[in-house]
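Here are my notes on the cavity and the ligand site. Please read them against the model.

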Amino acid sequence: MISGKMLQMTKNGSAIRAMFEEGARLAALYGRENVFDFSLGNPNIPSPERVRSEIIRIASETDPMELHGYMSNSGYPQVRARVAASLNRRFGTDYGEGNIIMTVGAAGGLNVLLKTLLDPGDEVLAFAPYFLEYGNYVSNFDGVLKAVPAAPGSFQPDQEALRAAITPRTKAVIINNPNNPTGVVYTGESIRAVAGVLEEAQRRLGAPIYLISDEPYRELVYDGAEVPWLPNYYRNTLVGYSWSKSLSLPGERIGYVVIPSECDDAQLIFDAAVIANRILGFVNAPSLQQRLAAECLEESTDIAAYDKNRRALYEGLTDCGFECVYPSGAFYLWVKTPGEDGEFTDRAKAHNILVVPGRSFACPGYVRIAYCVSHDMIMRSLPAFRSLAEEYGLKK
Ligand code: PLP
């Protein structure tokens, strides 16, 4: 028999993955062009041309023994130094290779940090709505994830709710900016308020509370929105990044974590995180992808297509009478459901629209629409959204 914990996970499944499977089933029944699958955050913008050309160059020019061999479990020193230099240029910091560990995407980085920090029963807070995998990552190390509701309406972090959720067992707070699923970019003011609450709690409890900043959408922002660099606001911040979304490379599994020297126990955290990277079975981040990332630090995908989708979907849905949060980042639209979100998701499915219910992000009453899809699909889906709105009696 498998472990009780995994048995539970097989029962819970993943709502997003289930929706993805449902999309394939509906496409077989009705034709792919008649199914509007907004369930998965899989970037549909191609990687920059430089990414392709560098993969070919690195693979053909680098000594294969060196390219494909093991290296330090933290990653190639010269890659980590270049990542640090790039962060220093952008955020006025003073990092070196000793502050960076290359990871298997943001998911790998989060698991490494949580393994490093958590004892069984330790609590981790996350502002809801949040990326649903956080619960699994925290439970991997027998921690307890607690949702902290974001401020209603704005979906910015709520400092009072955070204050109320902190207990002597609180070890870390995960914050995701720009946010999946709301598309909201947390402002410097919000982050300052979070930092104030955490500083006060650390003093009161006499123990560090680490802020884990999960930032795979950092470069995906619109209308000039700025994403604050959290270590500049709160000393005990650890950052997790990946190129999954910014370079459209989710399958390649490459990212990094930053452990600033200012953090309490920084060297201990770094040393333990390197061991965690090894013993979780990652060993090291993929070697070719590390080299690639170092060559493409200043590259980004052209997000004009996401921006066009964002505007079309926001305008199209608000026009039908839906209440949507105006997204400033990532590639998700967060829509208030006129009824219960599970029922709404089912009724949307009857119109061949696939979305993810808010309860999957610890925030019922909403659905997430991933708009990293073709513009054509968005335009074709609008009449179906209109029919759905009419079914609920919405009108402007
Ligand atoms: N964190 C958030 C908020 C995400 O949305 C995702 C992926 O969708 C991840 C982490 C995992 O990213 P990666 O593919 O880099 O592991």
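1. α5 gives the most to the lining of the largest cavity, with 3 residues. Helices (H or I, at least four residues) and strands (E, at least two) are DSSP runs, numbered from the N terminus. The model is predicted: local features need pLDDT of at least 70, side-chain atom pairs count only at pLDDT 80 or more, and totals for chains, interfaces and linings use all residues. Numbering runs from 1 along each chain as its sequence is written, and side-chain values use heavy atoms, with hydrogens and water left out.

2. The lining includes Leu87, Arg90, Phe91, Trp229 and Tyr256. α5 (77-91) and β7 (237-242) are the elements giving two or more residues to this lining. A cavity here is a set of points, on a 1 Å grid over the protein atoms alone, where a 1.4 Å probe fits but cannot get out; lining residues have an atom within 4 Å of a point.

3. The lining divides into 6 nonpolar, no polar and 3 charged residues.

4. Now the ligand. There are 14 residues around the ligand, and Ala106, Asp214, Tyr217, Ser242 and Arg253 come nearest. A residue counts if one of its heavy atoms lies within 4 Å. Helix α6 (residues 105-117) gives the most to this shell, with 3 residues.

5. Check the polar contacts (N or O pairs within 3.5 Å). A polar side-chain atom of Arg253 sits 2.7 Å from a ligand oxygen. For a polar backbone atom of Ala107, the distance to a ligand oxygen is 2.8 Å. An N or O atom in the Lys245 side chain is 2.9 Å from an oxygen of the ligand.

Note on methods
Polar contact = N/O pair within 3.5 Å; in protein donor to acceptor, adjacent residues only side chain to side chain. 1 Å grid on protein atoms, 1.4 Å probe; cavity = no way out; pocket = protein on both sides within 12 Å on 5 of 7 lines; lining within 4 Å. Nonpolar A, V, L, I, M, F, W, Y, C, P; charged D, E, K, R; others polar.
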